[in-house]
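Please look over the notes below with the model open beside you.

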Amino acid sequence: MFDFIHITDLHILPAGETNYGLDPAERLRMAVRSIAERHGPGSAAPAAFVIATGDLTHHGQPEAYAQLREILEGLPLPFHLMLGNHDERDHFRAAFPDQGVDEDGFVQQAIETEAGLFLLLDTKTPGTHAGALCEKRLAWLAARLAESEGAVFLFLHHPPMPVGIVQMDRIQMMHAAELAAVLAPHQPRIRHMFHGHLHRPLAGSWRGIPFSSIRGTAHQVALDLSERGTVPGSHEPAAYALVRVSDDAVIVHSHDYLDQSGPFDL
Ligand SMILES: [Fe+2]
């Protein structure tokens, strides 16, 4: 078994600022405390690392990345950070020079694990909230797939498919067909795709590839499939996921870490 934590859409602001009536820094601190307690070294279910699938900050200011860094230093686990549409690549790289980037400066990295190869993609495109995978980023992905064997786990902020939430579908990942073409020769060994962006618990399959996402650690997106002109926000509970990979299964446990009711005997 191989366990890791998936968190997404942290939307951190500079210290002291709030958003939609909540403090994203406090929400993330609570997630860090929960992860440390439940999945840190020496816990009942220790995780290998934490992967954050983008929208690390809300406006991408250096002060927001500084705040993020200070909070994440409380994690007793390694963490791998990815970009979302709300992030700023240069400010992120200045604040986190230790995080992996590819030869073109995109925040993409390949992580070898005992469960297989984890490929973290960068779908950030300046000037739009939609996601993109340009030729350079797709070539990096194709090369990593070509040089590897065995199980692959994909991570990207923007999902490559519409989900029915109108204003979010308008800012999905724009190059779905191009991504599918790169993945197609390797599809039997692509075990799962993890994404963020939707701020919702989601699971299904895309072109035969299983996928999942979870709520963010700050504000959420409501399940509203009407033709409204704005993204429907909500204050549903924040969550992170414990992902357990075994030889024949990928299990995604969503955990509402703000809930303090605790387990009781049934
Ligand atoms: Fe987001």
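1. A residue is called buried when its relative accessible area is under 20%, exposed when that area is over 50%, and partly exposed in between. In this predicted model, Asp-224 has a relative accessibility of 22% and therefore counts as partly exposed. Asp-224 forms a salt bridge with Arg-228, their closest N and O atoms being 3.3 Å apart, and Arg-228, at 32%, is partly exposed as well.

2. The count of salt bridges comes to 12, and one of them joins Arg-69 to Asp-98, with 3.3 Å between the closest N and O atoms. Because Arg-69 lies in helix α2 and Asp-98 in the loop between α3 and β4, this pair ties together parts that are 29 residues apart in sequence. Arg-69 is partly exposed at 24%, whereas Asp-98 is exposed at 51%.

3. Which residue does Arg-200 pair with in a salt bridge? The partner is Glu-236, and the closest N and O atoms are 3.2 Å apart. Arg-200 is buried, with a relative accessibility of 9%, while Glu-236 is partly exposed at 23%.

4. The largest nonpolar core has 29 residues, and those that touch the most other members are Ile-7, Leu-28, Leu-56, Leu-68 and Leu-81. Several elements supply at least two residues each, including β1, α2 and β12, but α1 gives the most, with 5 residues. Leaving aside residues up to four places away in sequence, Leu-28 touches several residues, among them Ile-7, Leu-68, Thr-217 and Tyr-257.

Key:
Residues are numbered from 1 along each chain as its sequence is written. This is a predicted model: local features need pLDDT of at least 70, side-chain atom pairs count only at pLDDT 80 or more; totals for chains, interfaces and linings use all residues. Side-chain values use heavy atoms; hydrogens and water are left out. A nonpolar core is a set of buried Ala, Val, Leu, Ile, Met, Phe, Trp, Tyr and Cys residues joined through side-chain atoms within 4.5 Å. Buried means under 20% relative accessible area, exposed over 50%, partly exposed in between (1.4 Å probe, protein chains only). Helices (H or I, at least four residues) and strands (E, at least two) are DSSP runs, numbered from the N terminus. Contact means heavy atoms within 4.5 Å. A salt bridge is a side-chain nitrogen of Lys or Arg within 4 Å of a carboxyl oxygen of Asp or Glu.
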